[in-house]
Structures are given as structure tokens and as C-alpha cells.
Amino acid sequence: MTSSTREIRVEDAPARNRFEVSVDDQVVGLASYHVEGDVMTLPHTEVSPAVAGQGLGTTLVAAVLASARERHLTVLPYCSFVRHYLHEHPADVDLVAEADRPHFGLELTSN
């Protein structure tokens, strides 16, 4: 029996240096991070294969980047999934310092 409404929540778990995405109170994914000064390094994101393809990774990364923006941090997107997200959501590329963008393949053209 499955429920059509799931509770999806993203929470910062600073003691574990990661954000966690949960479905019905079960952690199904994480995005690890490290903050030094005003820079958030994002080395790794993962979502359980059991829930792959449901948009939870995108939800997770969107929340992480929103938190970075709220905290006035720039990000270093070493994680390939985060870089993919930024290619798909160019409005968030400003979170990566302009000088760092070429290193991450984020030299987007602006019109």
C-alpha cells in the first residue's frame, strides 16, 4: 500500500557536514559540504538508488544552494551533480565566484 503524499524534507546536519533529504522521515540522500570563511565547498552528493529519478537530488541541491545564498557564501561545486544542476539552472551560477567558473566548466554566455 503506497501513499500518494510523501513528506519530503531537506535539513542541514552541520554536525555531519552535510545536508540530508528525507522522505517520510527516512534519510535517502545527502550533500556533503565544508564551509571555510565565506566559501562552501560541495564535494559529493548522493541519493539512494531506491528513489533515483524522482527529483530528490535536484530538490536537495536547490536547498543547499538556497542556504549558501542566504548565508552569503560562494560555492565550489566539485560534485558533478551540483555542476550539472548549475548548467540546468543558470540563475544560480552567480553563487560560484566568477574567477572559479572556468575551473568548473561554468563559463556560461550571458546575453
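Modeller: Contact means heavy atoms within 4.5 Å. Keep that cut-off in hand. The model is predicted.

Biologist: Setting aside neighbours within four places in sequence, which residues is valine 64 in contact with?

Modeller: Valine 64 is in contact with Phe19, Ala31, Met40 and Leu42, leaving aside neighbours within four places in sequence.

Biologist: Let us turn to the strands. How do strands of a sheet pair?

Modeller: Strands of a sheet pair through backbone hydrogen bonds, either parallel or antiparallel. Here, 5 strands form an open sheet with mixed pairing, in the order β1-β2-β3-β4-β5. The edge strands are β1 (8-13) and β5 (74-76), each pairing on one side only. On average, neighbouring strands of this sheet are turned by 30° against each other, direction ignored.

Biologist: In which sense do β1 and β2 pair, parallel or antiparallel?

Modeller: Antiparallel, over 6 bridges between β1 and β2.

Biologist: How many bridges join β2 to β3?

Modeller: β2 and β3 run antiparallel and are joined by 6 bridges. Phenylalanine 19 has alanine 31 in β3 as its bridge partner. The hairpin of β2 and β3 has 2 residues between the strands; in this hairpin aspartate 24 takes a positive phi near 50°.

Biologist: Why is β2 largely enclosed by the rest of the structure?

Modeller: Count its buried residues. 5 of the 6 residues of β2 are buried, so β2 is largely enclosed by the rest of the structure.

Biologist: In which sense do β4 and β5 pair?

Modeller: Strand β4 (residues 39-47) pairs with β5 in the parallel sense, over 3 bridges. Methionine 40 stands opposite valine 75 in β5.

Biologist: Which strands does helix α1 lie across?

Modeller: Helix α1 (residues 56-70) lies across β1, β2 (18-23), β3 (26-36), β4 and β5. It runs at about 165° to β4.

Biologist: Now the core. What do nonpolar side chains tend to do in soluble globular proteins?

Modeller: They tend to be buried together. In this model, the largest nonpolar core has 27 residues. Met40, Leu42, Val64, Leu65, Val75 and Leu86 touch the most other members. The elements giving two or more residues to this core are β2, β3, β4, α1, β5 and α2 (80-88).

Biologist: Which element gives the most to this core?

Modeller: α1 does, with 6 residues.

How values were computed: Residues numbered from 1 in each chain as written. Predicted model: local features only at pLDDT ≥ 70, side-chain atom pairs only at ≥ 80, totals over all residues. Heavy atoms only, no water. Pairing = 2+ DSSP bridges. Helix = DSSP H or I, 4+ residues; strand = E, 2+ residues; numbered from the N terminus. Axes fitted to C-alpha atoms, helices over the stretch in contact; angles between N-to-C directions. Buried < 20%, exposed > 50% of the residue type's maximum accessible area, 1.4 Å probe, protein only. Core = buried A, V, L, I, M, F, W, Y, C linked by side-chain atoms within 4.5 Å.
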